[in-house]
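My notes follow in the order in which I checked things.

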Amino acid sequence: MIKVFNEQNVIKLDISKIAKYLPQIEKKMSLPKCDGYNIILINDREIRKLNKGFRKTDRTTDVLSFNNSPKSSDIFISVETAKSNAKI
């Protein structure tokens with residue numbers, strides 16, 4: 001199961017629209033049904049802190065992922081960096 005948490009307020013997002021695509025994402029990624037994946041949407045400042053703390057890299061990035069256990073993972077996405085990297 002994938003859950004989405006919007007922990008930023010820099011870019012307005014409609015989480016219900018994102019949630020509509022979660023079953024397709026889960027299927028495309030062939031994720032086991034028993035596993036839990038958390039997608040946490042954050043800002044550049046927060047992802048920079050995580051990157052510095054865990055990877056010793058003092059800069060922003062678009063995505064960081066952490067395996068909490070064999071059955072749980074957190075995926076942090078900086079919406080600011082992801083938006084600037086997106087090719088629309």
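I began with the contacts of Asn-43, counting heavy atoms within 4.5 Å as contact, and, leaving aside its neighbours within four places in sequence, I found Gln-8, Val-10, Ser-78 and Glu-80. Since this is a predicted model, local features need pLDDT of at least 70 and side-chain atom pairs count only at pLDDT 80 or more, while totals for chains, interfaces and linings use all residues. Residues are numbered from 1 along each chain as its sequence is written, and side-chain values use heavy atoms, with hydrogens and water left out.

Next I looked up where Asn-43 sits, and placed this residue in the loop between strand 2 (36-42) and helix 3 (44-55); helices (H or I, at least four residues) and strands (E, at least two) are DSSP runs, numbered from the N terminus. With a relative accessible area of 10%, Asn-43 is buried, where buried means under 20% relative accessible area, exposed over 50% and partly exposed in between, using a 1.4 Å probe and protein chains only. I also noted that the side chain of Asn-43 reaches the backbone nitrogen of Glu-46 at 2.8 Å.

The closest N and O atoms are 3.0 Å apart between Arg-45 and Glu-46, and 3.4 Å apart between Glu-46 and Lys-49. Glu-46 and Lys-49 both lie in helix 3, 3 residues apart, which is about one turn of the helix. Arg-45 counts as exposed, at 52% relative accessibility.

Finally I went through the count, which comes to 3 salt bridges by this rule, and turned to the pair of Asp-58 and Arg-48, whose closest N and O atoms are 2.9 Å apart. Asp-58 lies in the loop between helix 3 and strand 3 (63-69) and Arg-48 in helix 3, so this pair ties together parts that are 10 residues apart in sequence. I recorded Asp-58 as partly exposed at 43% relative accessibility, and Arg-48 as partly exposed at 37%.

Definitions and conventions. Polar contact = N/O pair within 3.5 Å; in protein donor to acceptor, adjacent residues only side chain to side chain. Salt bridge = Lys/Arg side-chain N within 4 Å of Asp/Glu carboxyl O.
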